[in-house]
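Keep the 3D view open as you read.

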Amino acid sequence: QESRQFQNAVTLAGAQSGVTADTLMTLTHTVGSATGSISLAKDALLEMAKSGAIAAGDYERMSTAIVMQSRATGQSVADLVREYSKIAEDPVKAVVELSGKYRIMTADVYAQVKALQDQGRHQEAVRLVQSKYADESESMARRVTENLGLIEAGWQGIRNRANEAWEAIKRFGRDATLGERMAELQAQIAG
């Protein structure tokens, strides 16, 4: 089912996303393991693929930032992906909006983005703003998590363990991704 969802997202984006369903499955488990939520990682990657607004080479980094921010703030993954999509529409406008909303973009970033846009290098401008936003999102998520009280941290730990158990149950019977199969073969060769 997971593979079919990713294949549908890639197909609906008209291959605009530049990734394959197998790549998305592998990234889901990579990002999910790193962030503690395979479910949110899958949701983020599905939304990103559907949007076509994020460069294929940035999927892991952006989805990690999205999941971390979602877990720290409670914002939905879909809303956060929309933020990245808005950046792709008009990166100069996005710098101004993000600066006003989060106080994260500097005058230097604005000047760089404006210069890239003026030179017709729209994709580079988009990637710059998305990258800065991802950096700040991850940093903010870490600060929020570090500032949790003892009870909140305890509940988050319980929730994380419950999510891990649920993810393990959902993986039961699922076909391994190409990346997982390769890692298994390499371990057999090495051992």
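Since this is a predicted model, everything below describes computed geometry. The residues of α5 that are buried are Val77, Leu80, Val81, Glu83, Tyr84, Ser85, Ile87 and Ala88. The length of α5 (residues 77-89) can be checked too: at 1.5 Å a residue, its 13 residues should span 18 Å, and the end C-alpha atoms lie 19 Å apart, which agrees. As a reminder, an α-helix has 3.6 residues a turn, so residues three or four places apart point the same way.

Now step over to helix α4 (residues 59-73), where you will find Ile66. Is Ile66 buried or exposed? With a relative accessible area of 0%, against a cut-off of under 20% for burial, Ile66 is buried. Leaving aside residues up to four places away in sequence, Ile66 touches Ala44, Met48, Val77, Leu80, Val81 and Tyr84.

Finally, look at how α4 meets helix α2 (residues 21-35). Their axes come within 10 Å and cross at roughly 45°, so the two helices are oblique to each other. The crossing of α2 past α4 is right-handed. On the α2 side, the residues Leu24, Leu27, Thr30, Val31 and Thr35 meet Tyr59, Glu60, Ser63, Thr64, Val67, Met68 and Arg71 of α4. Sorted by class, this contact has 6 nonpolar, 4 polar and 2 charged residues.

Notes:
Residues are numbered from 1 along each chain as its sequence is written. This is a predicted model: local features need pLDDT of at least 70, side-chain atom pairs count only at pLDDT 80 or more; totals for chains, interfaces and linings use all residues. Side-chain values use heavy atoms; hydrogens and water are left out. Helices (H or I, at least four residues) and strands (E, at least two) are DSSP runs, numbered from the N terminus. Buried means under 20% relative accessible area, exposed over 50%, partly exposed in between (1.4 Å probe, protein chains only). Contact means heavy atoms within 4.5 Å. Axes are lines fitted to C-alpha atoms, for helices over the stretch in contact, and angles run from 0 to 180 degrees between N-to-C directions. Angles under 35 degrees count as roughly parallel, over 145 as roughly antiparallel, 65 to 115 as roughly perpendicular and the rest as oblique. A crossing is left-handed if the near helix is turned anticlockwise from the far one by less than a right angle, and right-handed if clockwise. Ala, Val, Leu, Ile, Met, Phe, Trp, Tyr, Cys and Pro count as nonpolar, Asp, Glu, Lys and Arg as charged, and the others, Gly among them, as polar. The expected span of a helix is 1.5 Å times one less than its number of residues.
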